[in-house]
Amino acid sequence: MTKTKKRDVSRRAFVKGSALAGLGAAVLGSGALFGCAPKSEKEAAQDAAKTVEEKVVWTHCAVNCGSTCALQCHVVDGEIKYIESDNTGSSEMDQPQLRACLRGRSIRRWLQSPDRLNYPMKRVGKRGEGKFEQISWDEAIDTIASELKRIRETYGDESITVHYASGVSSGLMGSTVVNRLINLSGGCLNYYGSYSSAHISAAGTYTYGGGTYGSSFLTLQDNQLVVMFGNSPADTRMGGAGHTHDFAWMREEKNLEVINIDCRMNDTVCGQGGEWIPIRPGTDGALCAALAYEIINNGWADEGFLHTYCVGYDEETMPESARGHNKSFKDYILGTGYDMVPKTPEWAAPITLIPAEKIRELAEKIGTTKPVYICQGYGSQRHANGEITARAIMVLPQLVGQIGLPGTSDGRREGKSAFALSSFPAGENPVKTNLPTFMWPDAIRRGEELTALNAGVQQAEKLSSSIKFIFNYAGNTLTNQHSDINGTHDLLQDESLCEFIVTSEVFMTDSAKYSDIIIPDLTLQEQYSLSANGYADNMEALIYGSPVYEPKFERRGIYEVCVDIADKLGIKDEFTDGGKTREDWLRQILDESREKYPELPDWDTGMAQGVWKRVPEPTISLKDFIDDPEANPLKTPSGKIEIYSETLAGFADTWELADDEVISPIPEFDPGFESYVNLTDEYPLLITGFHYKAHTHSSYANNEIIQATAQHVAWVNPVDAEKRGIEDGDTIRVFNDRGDIRIEARVTPRIIPGTVAIPQGMWHDADMSGDRIDYGGNINTLTIYRPSPLAKANPQHSNIGQIEKA
């Protein structure tokens, strides 16, 4: 059935869209229209003139939600009056439209906020106090260039870094511009991994030879089973250009049976249906082990598949170096391995808080249903044991041979479609040393002590310097989005450690307060831009963005700022490639992309139409490998799927690990640090975070309209609330040894008992010279800064604490 959307036609839209718009004064001067009172011809002519002045400017949302949605900004006299999203093409459910969610549609309030940064500023108080004074652009540029040069000459190239950030994650320019500047002036310390997905990326590397993503949702078949671990597209991939639309459509179209395993009843379950299996945070690996026990013992394991495509399932498939020692995955599961404990449902039930009978029921469904699509989001892996948990989930489709076929995936995140555009050339970084991105505080505090064996340093045995200079472009990860805000505050306040921090931002974020120089950025919507669509699988798209209005105050785009810094450093001509502007670079990038994709609209056509889209073919992960493993080996050492990894066995033997840290060659269950085994009478609750519809990380969290629509509250189970005399709507205190926050309680059975869930991304709001109580409800006041064992990554869902009525 074709569904059409009824639209009210306003008087202004009627005049604008009519063939008689140019004659509006004559038409409207003679009488009433739609019951309007008559106006004089002069008044009508003025109305018509105002109508003509309105222009529609295409741009897009650019924050790191995983979607990239189109925006049509209706601009009058240099101000956005209202915003539409993508309404091109068909509006049928199976047709791709890049429709923005409420966050993107509210961007007018964000762009035109009175709280925007308008002028360059320098710090006049202590770092973190937020005391700044306005300076000229000349002073700002001179200071940045001179400090960059001084620190490079004093401490070396590795003392400089371009900080991890995701505030502007779309568009073919952005932080790459800063990287080009730094690379051309000598280079800087590299980072690898991300705050979002470093654990699953590491797991994918050591299991499949690389990659975070599996099959697309478009490959799902009629009436099939979908099992999701810690995954909610409706929360994390909102908008028409994200997976929430793709999955909702396939779910309806294919009549899917969906099982969602999560510590909370997320919006993918609550809003779209399916079965929720509540699980204690951080214990997904134990559930997977028990499922594997049932699958193997009941003869549901596809041993033909395992013997053909995998290494390490049983003794027969073990590498030569590990044979004869009962080190296989099957030995571990059945209790003939190193710990001699069968991983039965009864073993897993008290760990996961899932009844043994429910585990058996789920195992039978996975073991006997074909096809079955098994995937995971980023929730399960963002724990202290995240890498090993991600690998455990990946084993399930391997066990039942459900990989490489229509309707299957490989246990990683759902796949995404995109086409490879040309990109802005950052140039080659002369520095090759690579550090896990989450470990930058250690690189400030004790950089020369970080090595390949204790910190995962790559391309070098150790760092040659601590970090002394940070260029922070569009990032709130210095404090707000980083673990242990109070501890990080103390680190950054010490000017004898990191000596200079420059931030380019649009608002005075909590991280910006730790800058020595702040430069006011233009948003992507205020500049020319090109961006491919985000993490979706039902479309491939390119969005052409024009500036919605002229720059206001003294705000400047990052490219133009870097041109001036490059000039001070004597590399302007090289940086600009002979004088290219931002628009010149984007035109060049588009022209290069059109050589590969000639169907792409040219610059003028694309800027006029706003979006270009095409529907891709479904992606089936590892299909080529399954079809012909000899001709298409994986990029693992064995060329096969590695359930047992000799590489990880080597790390386990040589890396410097704490007693409660585990790197294992097989995906065994390990609770990790700050898990349920660490609960005490003082701190009897697990404190975990989740992504929320009201903001993307910290972007839009200062938009009061969205916050009023979707309130920022802590989820508390009624059992835990009753014990503490807490009622729905109460302000509660959430605390542990690292910090103390105030936040409203939402008492709900949608969260498993023993766990409090707090949306991540709210703006930190504390008197850092006083009691440091955070009234912004920022979970990173409470989260632990301790990198995970293998990826040295973000474990921000692994925390213990307590709550009480404030």
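1. Just after helix α21, Gly-570 adopts a positive phi of about 80°; helices here are DSSP runs of H or I with at least four residues, strands are runs of E with at least two, and both are numbered from the N terminus. The model is predicted, so local features need pLDDT of at least 70 and side-chain atom pairs count only at pLDDT 80 or more, while totals for chains, interfaces and linings use all residues. Residues are numbered from 1 along each chain as its sequence is written, and side-chain values use heavy atoms, with hydrogens and water left out.

2. Helix α21 itself covers residues 558–568, and its buried residues are Ile-558, Tyr-559, Val-561, Cys-562, Val-563, Ile-565 and Ala-566. Buried stands for under 20% relative accessible area, exposed for over 50%, and partly exposed for the range in between, with a 1.4 Å probe and protein chains only.

3. An open sheet is formed by 4 strands in the order β10-β9-β8-β12, with parallel pairing (two strands pair if DSSP finds at least two bridges between them). The edges are taken by β10 (275–278) and β12 (372–376), each of which has a single partner strand, so one side of each lacks a neighbour in the sheet. On average, neighbouring strands of this sheet are turned by 15° against each other, direction ignored; axes are lines fitted to C-alpha atoms, for helices over the stretch in contact, and angles between N-to-C directions run from 0 to 180 degrees.

4. Within that sheet, β8 (residues 225–229) and β12 pair in the parallel sense over 5 bridges, and Phe-229 has Gln-376 in β12 as its bridge partner. Helix α12 packs on the sheet and touches β8 and β9 (257–262), its direction making about 145° with that of β8. Helix α16 (residues 356–368) also packs on the sheet, where it touches β8, β9, β10 and β12, and its direction makes about 130° with that of β10.

5. With neighbours within four places in sequence set aside, the residues in contact with Phe-229 (contact meaning heavy atoms within 4.5 Å) include Ile-261, Leu-287, Cys-288, Leu-291, Cys-375 and Gln-376.

6. Two further strand pairings involve β26 (residues 800–805), which pairs with β21 (residues 685–690) in the antiparallel sense over 2 bridges, Leu-685 standing opposite Gly-801. Strand β23 (residues 731–736) also pairs with β26 in the antiparallel sense, over 4 bridges, and here Arg-733 has Glu-804 as its bridge partner.

7. The structure holds 48 salt bridges, a salt bridge being a side-chain nitrogen of Lys or Arg within 4 Å of a carboxyl oxygen of Asp or Glu. One of them joins Asp-490 and Arg-772, whose closest N and O atoms are 2.8 Å apart. This pair links distant parts of the chain, since Asp-490 lies in helix α20 (residues 485–493) and Arg-772 in the loop between β25 (755–759) and β26, 282 residues apart. Both ends are partly exposed, Asp-490 at 39% relative accessible area and Arg-772 at 23%.

8. Asp-627 and Lys-623 also form a salt bridge, at 2.7 Å from N to O; both lie in helix α25 (residues 623–627), 4 residues apart, or about one turn of the helix. Arg-742 and Asp-740 meet in a salt bridge at 2.5 Å from N to O, and both count as buried, Arg-742 at 17% relative accessibility and Asp-740 at 12%. Elsewhere, salt bridges that share partners join Arg-123, Arg-127, Glu-495 and Asp-516 into one network.

9. The count of disulfides is 0, where a disulfide is a pair of cysteine sulfur atoms within 2.5 Å. Cys-270 is partly exposed at 42% relative accessible area, whereas Cys-375 is buried at 0%.
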